[in-house]
Amino acid sequence: MLDFSSLLLAAALSGACLSVTMFAIWFTAPRARFVLMVACGILVLVAHVVLFWRYTKDADPWLCQIVLALLSLGFLVICLSAMQYLGFRHYRRAILPTFAAMAACAAVTYLGFDGIGFQITYAAVTALLAAIGTMFWMKGDHDRRILLVVSFLSGACGVSFALCGLELLVHGQWVLGAAPDNWAERLNSVVAVACMTGLGALTLSLHHLQAQIELKAETMTDPLTGLMNRRALNQLYGDRSFGPFMAVAMFDLDHFKTTNDVFGHPVGDRVLCRFAAVIKKYSRSGIDAFRLGGEEFAIVISRMTPEKAHDMASRIGVAFGTEIVPTHRGPLRSSVSGGVGFGAAEGRSLDEVLAEADAALYEAKRAGRNRVIAQRKEGQPDAGPALKTA
């Protein structure tokens, strides 16, 4: 059976290998900052284990303080990496209590109560691991299986540190004068090696999963306006059946080629972004906006009557007409034409509703532009008046 020193060296070797692997991954994908933070956290823990092994041979009080500080700091960095990955921004909630615990540990250890210092540190580490497990359990929009395993491993590792602290507390070991060596410490060494190895492998899986999500988002997003693109429209609604309370409104900026020719493409891009911003103002639950290409846009409207859908499309057109883009030739005000197609009680496909909206859009252009036309159920366009902008 391995002795305590061998378990410590095994933990250090395992952590060092994981850290090197993660640093290598980060060098190939610098945007994966959470991988870098995990690698740094594990590297700090490796330093803790190596110095703790040294402390078992020579119980120097100053070395004890460094060992305990590195243990808290390593898990704090790992906790911060989890917060970064999951989108938590309140870093102070983890940093301030941890540094307070480190300061308290340093104070009591300096006074000679190293046993209390170990108990404070184990309590802080247990709290950090519990926070990691809770965050992955409660908040995760990705593969739940991976997240739940991360929660389990964090919890198991936290329990092992809690047992170390309880062992010292139950036996009233306030002053040790040497490294603690008991069944809980040995169990903690085994559990920590297993959990940190598992967490390292899962970190690589989370990195791969995040890379896939980012790539998918990039392929479904228009880089200029930030709206979803035609591919996203087909993926989200290609297989949907459009009922009577669903509609598609298509928009086409009026005389956009002239805008580009007279004012230049940079101004044209600003006009496109301005219209996208107007659409976003009206976005809410049940409304998705897309840039189909060039100066053509679309919104999919759900849970709304045909009359209200037409009214919303008209309000978007009116709002865009009030927008002014400054140019070297003076202020530029543009207009937009729109057409609305509707679903039906028996259900209609995306292609059918898009075709109806497209036909209504071209009818709006033939009627003089700067208006939104809705296709009536009998197939005749409802030619609305020109949009008025105060």
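**Notes on the model**

1. In strand S7, the bridge partner of Asp252 is Ser337. The model is a predicted one, in which local features need pLDDT of at least 70 and side-chain atom pairs count only at pLDDT 80 or more, while totals for chains, interfaces and linings use all residues. Residues are numbered from 1 along each chain as its sequence is written, and side-chain values use heavy atoms, with hydrogens and water left out.

2. Strand S2 (residues 246–253) pairs with S7 (residues 336–342) in the antiparallel sense over 7 bridges. S2 is also joined by 7 bridges to strand S4 (residues 296–302), again antiparallel, and Ala247 stands opposite Ile301 in S4. Two strands pair if DSSP finds at least two bridges between them. Strands (E, at least two residues) and helices (H or I, at least four) are DSSP runs, numbered from the N terminus.

3. How many residues of strand S2 are buried? The count is 8 of the 8, so S2 is largely enclosed by the rest of the structure. Buried means under 20% relative accessible area, exposed over 50%, and partly exposed in between (1.4 Å probe, protein chains only). In a regular strand the side chains alternate between the two faces of the sheet. In S2, Met246, Val248, Met250 and Asp252 point one way, and Ala247, Ala249, Phe251 and Leu253 the other way.

4. Asp252 is also linked with Asp254 and Lys365 in a network of salt bridges. A salt bridge here is a side-chain nitrogen of Lys or Arg within 4 Å of a carboxyl oxygen of Asp or Glu. By this rule the count comes to 10.

5. Asp222 forms a salt bridge with Arg291, with the closest N and O atoms 3.2 Å apart. Asp222 lies in the loop between helix H7 (183–219) and strand S1 (228–229), and Arg291 in strand S3 (residues 287–293), so the pair ties together parts that are 69 residues apart in sequence. Both Asp222 and Arg291 are buried.

6. Glu356 and Arg348 meet at 2.8 Å, N to O; Glu356 is buried at 14% relative accessible area, and Arg348 is partly exposed at 22%. Arg186 and Asp181 meet at 2.9 Å, N to O; Arg186 is partly exposed at 33%, as is Asp181 at 45%.

7. Helix H2 (residues 33–57) and helix H3 (residues 61–86) pack at an angle of about 165 degrees, with their axes 8 Å apart. That makes H2 roughly antiparallel to H3. Angles over 145 degrees count as roughly antiparallel, under 35 as roughly parallel, 65 to 115 as roughly perpendicular and the rest as oblique. By class, the contact of H2 with H3 has 23 nonpolar, 5 polar and 2 charged residues. Ala, Val, Leu, Ile, Met, Phe, Trp, Tyr, Cys and Pro count as nonpolar, Asp, Glu, Lys and Arg as charged, and the others, Gly among them, as polar. Axes are lines fitted to C-alpha atoms, for helices over the stretch in contact, and angles run from 0 to 180 degrees between N-to-C directions.

8. Most residues other than glycine have a negative phi. Arg303, in the loop between S4 and helix H11 (306–321), has a positive phi of about 55 degrees and is exposed at 60% relative accessibility.
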